Amino acid sequence: MEAKTPSHAPSPVGCPARLEDVDLFAPGAQEYWYEAYDILHEQAPVHRIPGEGFEPGTDAFILSKHEDIARVVRDEQRYPVIGSLFLQQLLATGEPPYDQPGVGAITASMASLRPNPKLWRAHRQELTDPWVGPGAGRNEPMIKQVAHQLIDRWIDRGRVEFVSEFAQPMPQMVMANILGWPLSDLKLLKRFGDGTVKPFVYGRKHNNLLDQQEITEQQGVLEEFKQYTASLIQEKRRRPQEDMISFLTEVEYSPLERKLTDLEINGIVYAMVIGGLETTQYALAEEVQLLIERESVWDAIRSDRGKMRAFIEEGMRLRSPTQGLSTRITSRDEVFQGVKVAKGSYLHLRWAAANIDPDEWRCPQELQLDRKAGTRHLVFSQGPRVCPGAQLSRIEQLVAWNALCDRVKGFSYGEGNRFLHQPGIMLGTLELHLEFEAA
Ligand code: HEM
C-alpha cells in the first residue's frame, strides 16, 4: 500500500477576516491560527462545531478562554478524559487488557498501572518523575553534551537548517539517552515517534481522525515499535545499565507491590516517545524565530542568563507547541461564557489561544521578560493530568539556549524560507534556513 503524501499547501481560504472564515482544522489553516484566535476571542470564545460531539446528537466546542480551560483541566470528575472513559469500558469487559485485539502496549499498561486517578499519581511519582519530571535535572550534563555535539556539526559553516540540524535531533537524542535506546537506531526512534503522533499531524477535524488506510499504516509502524521495544527491554533485563528502561525493569511499583511486566514497560516507553520528541522540537524552532524578530531579547538573555527561564516560558506561551487537544467531554449540562454546552459534548481545549487571552494577559502578544506569574500559562495544561515531561522539556530548552548563546553571536534568516507549518494540531515549522556569526 502506498503511503499518502499529506498536503502542506496554504489554505485556499487564506487569512480569516470574519468568524465565518474560521476553521482551525481546514487544510492550510495552521498558517493563520493566531489571526483566528483574535476573532474567536472577540466573537466566539466558546465556538460550536455542530454535530461533532462525543455522544450522538451533541456538538463539539472550541474553548479559547484561559479561565474556561483551567476550570476544565482541574476537574477530572466533571470533565472526564476520553482516554480514561475508553479504559473504563475496556476494564468493564473483565477480559485481560493484554489479550484484546488492537489494544496497544500503552492502553494495556494504563489499564494495569494507572486505572484510576490515585494510581495515575503514583505512576507519575514513582515511574516517570525520577527521569522526566522533578528528577529530570540528573539529565542536564548529558543534555549539555548533546547540544554542543549538534552545534559542533555546523558552527564553522555560518548557516544551518535549524529544524533538521538542531531542534529535531536534540530531543530525539536526549530521549534516546534517557531511555537507553541505542543512538545507532535514532532513525527508528524518529520513525516510531512519527507513527505515534500521526493523528495529531495528519488527522482531520478537531479530534484528529485518520482514514482506514492511514490507520492501517499507523498500526503497522506501532507494531514494529512494540516489537523493537520488547527486544530492548529483554536486553536491559539481561544487562541493566544507567537508563530509564533498566530502572523500569527493576523498580518495585508500590501500589501493586510488584515489579513491572515487559508490556507495562513497553507502554511507558510509548508514552515517553509520543510526548517527548516533537513538542520540544517545536518549542525550540519557534523560539529561534521569536529571537530573530526581537534582537533586544536575544541581547538580554545573552548578557543576563538569569532571564533565560522567563524567555522560554514566554516563548512557549506565545507559540504553544501543542495548540489544542480534544481530550475532554462534559459529564453534565454546562455553561461557558454564557454558551450552553450539553452533556456529552466534546471540548476542544485550545491551549494556544488561552495563552494569549487578553482577559488573562496584559499585552498578550508582547514577549515580556518581566511578566508576573508567567508560568500560569497552559502550555503543559494544569491539574492532575498536567504534562509529566514539562520539567525535562524546560531543562532541554534552557540548556539549548545557553549553549547557543555561548557559541553564536546572533541568528538571522537565510535564503529560501517559506515559513510553512505542518498540518494538524501542533505548531510545527517545517524548515528554517538561518545564518549566523560564531561567537
Ligand atoms: C514543550 C514541550 C511539551 C508540551 C508543549 C507538552 C504538552 C502537553 C500537554 C498539553 C499535555 C496534555 C495534558 C492534559 O491533557 O491535561 C501533555 C501530556 C503528556 N505529555 Fe507533554 N508536553 C511537552 C513535553 C513532553 C515531554 C518532554 C514528555 C516526555 C518526556 C511529555 C510527555 C507527556 C505525556 C506522557 C503526556 C500524557 C500524560 C497522561 O497520560 O495523562 N511531554 N503534554
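Biologist: Why can helix 8 be described as largely enclosed by the rest of the structure?

Modeller: Helices (DSSP runs of H or I, at least four residues) and strands (runs of E, at least two) are numbered from the N terminus. A residue is called buried if 20 or more other C-beta atoms lie within 10 Å of its own, exposed if 12 or fewer, and partly exposed in between, with C-beta atoms placed from the backbone. Helix 8 covers residues 169-179, and ten of its eleven residues are buried, so the rest of the structure largely encloses helix 8. Among the buried ones are P169, M170, Q172, V174, I178 and L179. After helix 8 comes G180, with a positive phi near 90 degrees.

Biologist: How should I treat the numbering and the model itself?

Modeller: Residues are numbered from 1 along each chain as its sequence is written. This is a predicted model, in which local features need pLDDT of at least 70 and side-chain atom pairs count only at pLDDT 80 or more, while totals for chains, interfaces and linings use all residues.

Biologist: Which residues have the most contacts inside the largest nonpolar core?

Modeller: In soluble globular proteins, nonpolar side chains tend to be buried together. A nonpolar core is here a set of buried Ala, Val, Leu, Ile, Met, Phe, Trp, Tyr and Cys residues joined through C-beta atoms within 7 Å. The largest such core has 109 residues, and A147, F162, M170 and L179 have the most contacts inside it. M170 and L179 are also among the buried residues of helix 8. Contact between two residues requires C-beta atoms, placed from the backbone, within 7 Å. Leaving aside residues up to four places away in sequence, A147 touches M170, V399, A400 and A403.

Biologist: In what order do the strands of the three-stranded open sheet stand?

Modeller: Two strands pair if DSSP finds at least two bridges between them. The order is 3-11-10, with antiparallel pairing. Strand 3 and strand 10 are the edges; each has a single partner strand, so one side of each is left without a neighbour in the sheet. On average, neighbouring strands of this sheet are turned by 30 degrees against each other, direction ignored; the axes are lines fitted to C-alpha atoms, and angles run from 0 to 180 degrees between N-to-C directions. Strand 3 (residues 159-161) pairs with strand 11 (residues 433-438) over three bridges. R159 has E435 as its bridge partner there, and E161 stands opposite H433. Strand 10 (residues 408-413) and strand 11 are joined by five bridges, with F411 partnered by F436.

Biologist: Which residues come nearest to the ligand?

Modeller: A residue is near a molecule if its C-beta atom, placed from the backbone, lies within 6 Å of it. There are 24 residues around the ligand, with G275, G276, S381, C387 and G389 the nearest. Helix 12 gives the most to this shell, four residues. Nonpolar covers Ala, Val, Leu, Ile, Met, Phe, Trp, Tyr, Cys and Pro; charged covers Asp, Glu, Lys and Arg; the others, Gly among them, are polar. By that scheme the shell holds 14 nonpolar residues, nine polar and one charged.

Biologist: Is S381 buried or exposed?

Modeller: S381 is buried, with 20 other C-beta atoms within 10 Å. It is found in the loop between helix 16 and helix 17. Most residues other than glycine have a negative phi. S381, although not a glycine, has a positive phi of about 70 degrees. C363 likewise has a positive phi, near 45 degrees, and C363 lies in the loop between helix 16 (351-354) and helix 17. C363 counts as exposed, with 10 C-beta neighbours inside 10 Å.
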